[in-house]
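Please consider the sequence and the three-dimensional structure shown below. The paragraphs that follow lead from the chain as a whole to individual residues.

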Amino acid sequence: MKIGRMFINDNYKGTRDYLKTQKNYEIARTVLYFAISASLFAAGWITTGSRENLLTIVAVLGCLPACKSAVDMIMYLRYKGCSNENAEVIAPHAQGLFCLYDMVFTSYEKTYNVAHITVCDNTICGFTQSEKFDEQAFYKHMDSVLKKDGYKETSIKIFKDIKKYTQRLDQMQELEVHEEFTEGILGTMKSVSL
């Protein structure tokens, strides 16, 4: 768990509506941080009749975490999670599989928004709602990330068509799963996503 994310932890990341909940949390935190700074500044001005006081310095320093929180808020506001309609279609096909929702992966060149992703041993399949999703760049990025963590022989496929994705999920139900290997890949994916 990171400092400043009181109730957010790695177990929460990847659950349904994660991005929506995180957006609300980031907005509330940003408003609170700026409100604290503004109230400290106002308190100092009211009590001394001047803005040249110790509380003004504290208020200005309080703007640092508030601004960082604002950047986080803007980052989360840019992305949409898995729509309720798609989540309802995916849910019956994904029962019993290791899945993550609302994943946003970043690289130096691009950001990849994946609505749902499923891992079964070395097979990784995902669904994106973005028509502009660059599949080849994502495969290359995730392959290098997974190789750094020791997962060398992985197969990655991202679908833009929900029907084809649910058909692939049905096929993955038949695959044999080694939970430790699968959970390791899921852990790596969580660690490199928003």
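For the charges of the chain, Lys and Arg count as positive and Asp and Glu as negative, while His and the chain ends are not counted. The place of a charge is taken as NZ of Lys, CZ of Arg, CG of Asp or CD of Glu. On this basis the chain has 23 positive and 23 negative charges, and their mean positions are 8 Å apart.

The model is predicted: local features need pLDDT of at least 70 and side-chain atom pairs count only at pLDDT 80 or more, whereas totals for chains, interfaces and linings use all residues. Residues are numbered from 1 along each chain as its sequence is written, and side-chain values use heavy atoms, with hydrogens and water left out.

The secondary structure comprises 6 helices and 4 strands. Here helices (H or I, at least four residues) and strands (E, at least two) are DSSP runs, numbered from the N terminus. Read from the N terminus, the order of the elements is α-α-α-β-β-β-α-β-α-α.

The overall dimensions come next. Along the principal axes, the C-alpha atoms fill a box of roughly 75 × 35 × 30 Å.

Of the 194 residues, 42% are buried. A residue is buried under 20% relative accessible area, exposed over 50% and partly exposed in between (1.4 Å probe, protein chains only). A contact means heavy atoms within 4.5 Å. Among contacts between residues at least 6 apart in sequence, 68% join residues at least 24 apart.

In soluble globular proteins, nonpolar side chains tend to be buried together. A nonpolar core is a set of buried Ala, Val, Leu, Ile, Met, Phe, Trp, Tyr and Cys residues joined through side-chain atoms within 4.5 Å. The largest such core of this chain has 20 residues, and Phe105, Ile124, Phe138 and Met189 touch the most other members. At least two residues of this core come from each of β1 (98-106), β2 (111-120), α4 (135-148), β4 (155-159) and α6 (179-191). Leaving aside residues up to four places away in sequence, Met189 touches Leu100, Met103, Phe105, Ile117, Val119, Ile124 and Met142. A second, separate core holds 15 residues, including Ala87, Ile90, Cys120 and Met172.

Attention now turns to Asp102, which lies in strand β1. Is Asp102 buried or exposed? Asp102 counts as buried because its relative accessible area is 2%. Beyond residues up to four places away in sequence, Asp102 touches Thr15, Arg16, Asp17, Tyr18, Leu19, Gly81, Cys82, Val114 and Ala115. Lys80 is 22 residues from Asp102 along the chain, and their C-alpha atoms are separated by 7.6 Å.

Most residues other than glycine have a negative phi. Asp102, however, has a positive phi near 50°. Asp17, one of the residues that Asp102 touches, likewise is not a glycine and has a positive phi of about 70°. Asp17 is found in the segment before α1 (18-48) and is partly exposed, with a relative accessible area of 29%.

Apart from residues up to four places away in sequence, Ala59 touches Ser37, Leu40 and Phe41. Tyr18 is 41 residues from Ala59 along the chain, with 32 Å between their C-alpha atoms. Val71 also lies in helix α2, but Val71 is exposed, with a relative accessible area of 53%. Val71 and Tyr12, 59 residues apart in sequence, are 21 Å apart in space, C-alpha to C-alpha.

Finally, Arg78 is found in the loop between α2 (54-77) and α3 (84-94). At 60% relative accessibility, Arg78 counts as exposed.
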